Protein chains: 2
Amino acid sequence: MRIERLAILGVGLIGGSLARALKAADACGEVVGFGRDAAHLQRAVELGVIDRAGTDLGEVVAGADLVVAAVPIGAMDPLLGKLAACLGDETVVTDVGSVKRTVLESAQERLGAGFARFVAGHPIAGTEKSGVEASRAELFQGHRVILTPHADTGGPALALVRGMWETVGAEVIEMDAALHDEVLAATSHLPHILAYTLVDALARMKEHDDIFRYAAGGFADFTRIAASSPQMWHDICLANRDALLDVLKGFRSDLDDFADAVLQADSQRIFDLFSRAKAARDALDQKD
Amino acid sequence: MRIERLAILGVGLIGGSLARALKAADACGEVVGFGRDAAHLQRAVELGVIDRAGTDLGEVVAGADLVVAAVPIGAMDPLLGKLAACLGDETVVTDVGSVKRTVLESAQERLGAGFARFVAGHPIAGTEKSGVEASRAELFQGHRVILTPHADTGGPALALVRGMWETVGAEVIEMDAALHDEVLAATSHLPHILAYTLVDALARMKEHDDIFRYAAGGFADFTRIAASSPQMWHDICLANRDALLDVLKGFRSDLDDFADAVLQADSQRIFDLFSRAKAARDALDQKD
């Protein structure tokens, strides 16, 4: 697998780490970055993450074998719209967004015939940090990447994108886009919302100084994800609205059941819930 | 500060770590352990955590300068009842429970005149692991211990317990018991309940294999506390019922607001909440 010219649209944590990893693996020639902020792009060039950069999309993607769209989900649809006008006949396009159904719909609507060369993808990697400064070549090593091909996705495009992720050490899985969005709503989007909501609630309490001062063990780990990018998570919530509302509804009902068990002092119900959860959580650790 | 004879009632993670730490600091003579399970106590002796052990409470506490009650909250009231019958006239008693108001009430009711020598305490330390095997001398180093003295608590008893915790490297804070219970309900009990409820909900979903297999970054940290002892957390929930129902009600209402913002696709409201939470969480990191 070799990519002669790679265009990264949005040189942040994910885009930057992918560029670094492909360079480290000697798997690509030139890496060109695109973004709205020239100073930010200049910084990425200075860090050696990309070889050159531009704020003109047509110039950046000209002659690229592969274009990786690594912008926040909310910027994806307009970006794909502009991309359609300047995409080469053989260029493959992929994305790294945390929601897949809406991105596939945008790509299908925007890219026309180019949709056969669009591969929707989501690397399950990242930290609460964001920006090119946090990027590193090892980010995807041993992590999973979910690709959600459409019936119209071409075999060669899919093979190129799969090869790219395998080259940087990821395990590639294919999944239906709707299932992806449901699974991620439950395991990633909902936990982020709980952490954000909890931290915001605590910050608004009248004893908030005491609350943050005496925050007990486990609290720091539990709330670390609330330091993630508000823009990114805002975009994810709106893009995965239906799946998210479903899991929120289920979770609120579970929380009501629990509150009822406490209100009734229903010892057995509380103990059973905690025991089941501990068993499931312990099993998860053993899988790692 | 020196304790000639220390009795630890319940030789688990906290009791065992305290015994180890006081021995490491050469701050105590003999350490005697009490528990219901003779084989477990024998294990603690073999590990060198305690010097000797017994399942007869009167024998264990006879001649002790300080008794540390380190049993689950639910076992505290009956233990204090039995302790009242065999407590020496000068013996100081403290506990390490995560809820303070109910423990103070039990102690006041059970210990009679001995209540003046009872100091309610809560070390803010621990892991999702439990049991004497997980105990270690450094557990309290740099952690906070909250003492919630009552108007009737005697000065010398308070000074002894404060000295003990400072000897093992903890920072000691005094606080009203009711405030303690409110603050801990928000920062510790509620997060544990959210983690338990989330893991249990995911385990019950029809796609649970996919859900646990593709659980994204941050999920492991977020749910680690759901591997904590079900018995311990069951006891805490029932002992801190009122404060817990209050914070659950508030959190439920915040989550309803958030779900409404997503339903309305209220971009600004979602972004503002995430931004406020990130700012509060970032400030917390800077305090550490």
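Counted over all chains, this predicted model holds 37 salt bridges. One of the pairs can be followed in detail: Arg276(B) belongs to helix H12 of chain B, while Asp200(A) belongs to helix H7 (residues 177-204) of chain A, so this pair joins two chains. The side chains of Arg276(B) and Asp200(A) meet with a nitrogen-to-oxygen distance of 2.8 Å, and because a salt bridge is counted when such atoms lie within 4 Å, the pair qualifies. In general, side chains of opposite charge can pair when their charged atoms come close.

Across the interface of chain B and chain A, the rule finds 6 salt bridges, and it also finds 19 residue pairs in polar contact, with both residues at pLDDT 80 or more. On the side of chain B that touches chain A, the elements that give two or more residues are strand S8 (144-147) and the helices H7 (177-204), H8 (208-213), H9 (219-223), H10 (230-239), H11 (241-263) and H12 (267-287) of chain B. The largest share of that side comes from H7(B), which gives 21 residues. Sorted by class, the residues of the side of chain B that touches chain A are 52 nonpolar, 11 polar and 19 charged.

How many residues does the contact take from each chain? Chain B gives 82 residues and chain A gives 83. The area buried between chain B and chain A is about 7700 Å², and carbon and sulfur atoms give 73% of it. Within chain B, the residues that lose the most area to chain A are Tyr214(B), Phe222(B) and Arg281(B), which together make up 9% of what that side buries.

Two of the helices named above also pack against each other inside chain B: H7(B) and H11(B) meet at an angle of about 65 degrees, with their axes 9 Å apart, and H7(B) passes H11(B) in a right-handed crossing. Among the residues that make this contact are Ala185(B), His189(B) and Ile193(B) of H7(B), together with Leu244(B), Val247(B) and Phe251(B) of H11(B). By class, the contact of H7(B) with H11(B) has 10 nonpolar, 1 polar and 2 charged residues.

Just after H2(A), Gly48(A) takes a positive phi of about 80 degrees.

Notes. Residues numbered from 1 in each chain as written. Chains lettered and ligands numbered in written order. Predicted model: local features only at pLDDT ≥ 70, side-chain atom pairs only at ≥ 80, totals over all residues. Heavy atoms only, no water. Contact = heavy atoms within 4.5 Å. Buried area = accessible area lost by both parts, 1.4 Å probe. Polar contact = N/O pair within 3.5 Å; in protein donor to acceptor, adjacent residues only side chain to side chain. Helix = DSSP H or I, 4+ residues; strand = E, 2+ residues; numbered from the N terminus. Nonpolar A, V, L, I, M, F, W, Y, C, P; charged D, E, K, R; others polar. Axes fitted to C-alpha atoms, helices over the stretch in contact; angles between N-to-C directions. Left-handed = near helix turned anticlockwise from the far one by under 90°.
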